[in-house]
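Hi everyone, thanks for making the time.

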Amino acid sequence: MDPLYRARARAHVGDLPPELMAQWAALALTRGYDSPTLRELAGAHDDPRTLRDLLTAALDELGTPRLNDHQTLWVMAHTHARSIVEGLISPEDGAELLWRISTDLGYPDQLGVFVNEATDWEYAWELDTEESRQNILQAAQTLLATMTTDTLHQGA
């Protein structure tokens, strides 16, 4: 998933705090993205509303589509799956985050494993934690391998 989609989604759900937006813009510039407003944002130290407006304008200039709530949830699902695979969050914590997203998306099949495993972590009396972690990791890898920007439009 394009990092610009992730930034748009994170900003949409409030997961990209204004105090980190200038850092994000500077990193985007070092990765080859460029626009006048992105450069302005990279050096900005304004109030939060101005920073959010600059981020929105920069993403617009870079051609990143605006996302509705449904699309934002799918991008966040991809982001959490990636965090599981990269070891940034534990499989069980990632499954719980994806369970919440699945609920908001109406329980799509692609997120079923995460719902099942997260409920097991929450409610099962006996749980093979290593097997569950492997199931979650494998499901996250599958989601990353199969999810495209076309997924954002399914069921919207």
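Let me start with one contact set. Leaving out residues up to four places away in sequence, S102 touches Y107, P108, L111 and V115, where contact means heavy atoms within 4.5 Å. S102 belongs to helix α6; helices here are DSSP runs of H or I with at least four residues, strands are runs of E with at least two, and both are numbered from the N terminus. Because its relative accessible area is 1%, S102 is buried. For that word the cut-off is under 20% relative accessible area, while exposed means over 50% and partly exposed lies in between, with a 1.4 Å probe and protein chains only.

A quick word on where this comes from. It is a predicted model, in which local features need pLDDT of at least 70 and side-chain atom pairs count only at pLDDT 80 or more, while totals for chains, interfaces and linings use all residues. Residues are numbered from 1 along each chain as its sequence is written, and side-chain values use heavy atoms, with hydrogens and water left out.

Now the overall picture. The chain has 8 helices and 0 strands, so to read it from the N terminus you simply go α-α-α-α-α-α-α-α. Its C-alpha trace spans about 55 × 30 × 25 Å along the principal axes. Of the 156 residues, 40% count as buried. Looking at contacts between residues at least 6 apart in sequence, 61% join residues at least 24 apart.

Back to α6, then. Which of its residues are buried? They are P91, E92, G94, A95, L98, W99, I101, S102 and L105. The cover over these buried residues includes α5, α7 and α8. As for length, at 1.5 Å a residue the 15 residues of α6 should span 21 Å, and the end C-alpha atoms are 20 Å apart, which agrees; the expected span is 1.5 Å times one less than the number of residues.

Just past α6, G106 has a positive phi of about 85 degrees. In the loop between α6 and α7 we find Y107, whose phi is also positive, near 60 degrees, in a residue other than glycine. For context, most residues other than glycine have a negative phi. Is Y107 buried, exposed or partly exposed? Its relative accessibility is 47%, so Y107 counts as partly exposed.

Setting aside neighbours within four places in sequence, V115 is in contact with W99, S102 and Y107. In α7 as a whole, the buried residues are F114, V115, E117 and A118, and what covers them includes α5, α6 and α8 (129-146). The 12 residues of α7 (112-123) should span 16 Å at 1.5 Å a residue, and the end C-alpha atoms are 16 Å apart, which agrees.

Next, α5, which runs over residues 69-85. This helix is mostly covered, with 14 of its 17 residues buried. Just after α5, G87 takes a positive phi of about 75 degrees.

Finally, let's move to α2 (residues 18-30) and α4 (residues 48-61), whose axes come within 9 Å and cross at roughly 35 degrees. Those axes are lines fitted to C-alpha atoms over the stretch in contact, and angles run from 0 to 180 degrees between N-to-C directions. Who meets whom? P18, M21 and W24 in α2 meet P48, L51, R52, L55 and L59 in α4.

One last stop is D47, in the loop between α3 (36-42) and α4. D47 is partly exposed, with a relative accessible area of 41%. A polar atom of its side chain lies 3.2 Å from the backbone nitrogen of R49. The C-alpha atoms of D47 and E19 are separated by 9.0 Å, although the two are 28 residues apart along the chain.

That's my tour; over to you for discussion.

How values were computed:
A polar contact is a pair of N or O atoms within 3.5 Å; within protein, one must be able to donate a hydrogen and the other to accept it, and residues adjacent in sequence count only if both atoms are side-chain atoms.
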